[in-house]
Amino acid sequence: MKRISYVLILFVLLSSCGRGFVANSDFDRSVNLRNYQTFKISEEYPNRPDIDPILNNEFNRKRIANAITAQLKGRNYVESNQNPDLLVKFYVRVKDKQQTQYNNNWGFYYPRTNSYTKSYEESTLIVELVDAAENKLVWQGWAIGEKEYNSKNIEQKTWNKVSYIFRTFPVKPKEPISNDPISYNK
C-alpha cells in the first residue's frame with residue numbers, strides 16, 4: 001500500500017512538471033512551402049480586444065520574433081526586407097477560462113461530491129505565414145496554455161513554445177536547431 005502511494009505521488013509530481021501548453025499547426029495542402037525562399041517578420045499585429053498588451057509588449061515580441069527567425073533560418077529560409085516570399089505575423093491573445101473538477105468519494109454513510117472551480121487566463125501564441133504576393137495564409141501554428149506571470153526563464157519558455165509550434169512544420173530543418181535562445185541573436 002505504501003509503495004502505491006509513493007508511485008501515485010511521483011506520478012502527480014512528474015505530470016505537474018510538463019510543458020504547460022499544447023501546440024499544433026495547419027497549412028494549405030495545395031501549397032508547397034519548399035517553394036518559398038525568403039521571409040520577413042511583420043511589425044504589425046491585429047488591433048483586437050483579445051490581444052494582450054502585456055504579452056504583446058516590445059520585449060516579448062522581440063523574443064518571439066527571434067525564435068521564429070531561428071526556426072525559419074534553420075530550414076534554409078533567408079530573412080529579407082526586400083520583396084520577401086513570406087510575411088510572418090504573430091500575436092498573443094488571452095481569454096478568461098474556468099475549469100471545474102469534481103471529486104466523488106464516500107462519507108461516513110453516504111456519497112459526497114465535492115467540486116472545485118479554478119478561474120484562469122488562457123494565452124494563445126499564434127504564428128502565421130502569409131504568401132506575400134497573394135496575401136494568402138499558407139501556414140498557421142499555435143500554442144495554447146495558461147497565462148504565466150512569472151518572468152523567470154521567459155526566453156527559454158518562449159523559445160520552447162515556438163520550437164514546439166514548428167515541430168510539425170512541413171519543411172524540416174537541415175540540422176538540429178539549438179534549443180538555447182541566447183545562442184541566436186538577431
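Is Ala143 buried or exposed, and at what relative accessibility? At 3% relative accessibility, Ala143 counts as buried, where buried means under 20% relative accessible area, exposed means over 50%, and partly exposed lies in between (1.4 Å probe, protein chains only). The views below show a predicted model, in which local features need pLDDT of at least 70, side-chain atom pairs count only at pLDDT 80 or more, and totals for chains, interfaces and linings use all residues. Residues are numbered from 1 along each chain as its sequence is written, and side-chain values use heavy atoms, with hydrogens and water left out.

**View 1. Overall fold and confidence of the predicted protein.** The protein has three helices and six strands, arranged from the N terminus as α-β-β-α-β-β-β-β-α. Helices (H or I, at least four residues) and strands (E, at least two) are DSSP runs, numbered from the N terminus. Of the 186 residues in the protein, 34% are buried. The accessible surface comes to about 12,600 Å², and 51% of it belongs to carbon and sulfur atoms; the areas come from the Shrake-Rupley method with a 1.4 Å probe, and for residues only the protein chains shown count as cover. Among contacts between residues at least 6 apart in sequence, 73% join residues at least 24 apart, a contact being heavy atoms within 4.5 Å. Mean pLDDT is 79, and 71% of the residues reach 70 or more; pLDDT is the predictor's confidence in each residue, from 0 to 100. Where pLDDT is low, the predicted coordinates should not be read in detail.

**View 2. The largest nonpolar core.** This core has 32 residues. A nonpolar core is a set of buried Ala, Val, Leu, Ile, Met, Phe, Trp, Tyr and Cys residues joined through side-chain atoms within 4.5 Å. The residues with the most contacts inside the core are Leu33, Ile68, Leu72, Tyr77, Val127, Phe166 and Phe169. At least two core residues come from each of β1 (21-27), β2 (38-41), α2 (58-73), β4, β5, β6 and α3. Helix α2 supplies the largest share, six residues. Leaving aside neighbours within four places in sequence, Leu33 is in contact with Tyr77, Val138, Trp139, Phe169, Pro170 and Val171. In soluble globular proteins, nonpolar side chains tend to be buried together.

**View 3. Helix α3 and its buried face.** Helix α3 covers residues 154-165, twelve in number; at 1.5 Å a residue it should span 16 Å, and its end C-alpha atoms are 17 Å apart, which agrees. The expected span is 1.5 Å times one less than the number of residues. Thr158, Trp159, Lys161, Val162 and Ile165 are buried in α3. Seen down the helix axis, the buried residues fall within an arc of 165°, so they line one face of α3. The arc is that of the directions from the helix axis to the C-beta atoms.

**View 4. Surroundings of Ala143.** Ala143 lies in strand β6. Not counting residues up to four places away in sequence, Ala143 touches Phe21, Val22, Ala23, Ser123, Thr124, Leu125, Lys161 and Ile165.

View 5. Gly20 lies in the loop between α1 (2-15) and β1 and, at 57% relative accessibility, counts as exposed. Beyond four places in sequence, Gly20 touches Ile144, Gly145 and Glu146. Gly20 and Lys161 are 141 residues apart in sequence and 9.8 Å apart in space, C-alpha to C-alpha. Asn60, in helix α2, is buried at 8% relative accessibility. The C-alpha atoms of Asn60 and Glu155 are separated by 8.6 Å, and these residues are 95 apart along the chain.

**View 6. Two asparagines with positive phi.** Asn83 has a positive phi of about 50° although it is not a glycine. Asn83 sits in the loop between β3 (78-79) and β4 (86-106) and is exposed, with a relative accessible area of 71%. Asn135 also has a positive phi, near 50°. Asn135 is in the loop between β5 (111-131) and β6 (136-146), and at 60% relative accessibility it counts as exposed. Most residues other than glycine have a negative phi.
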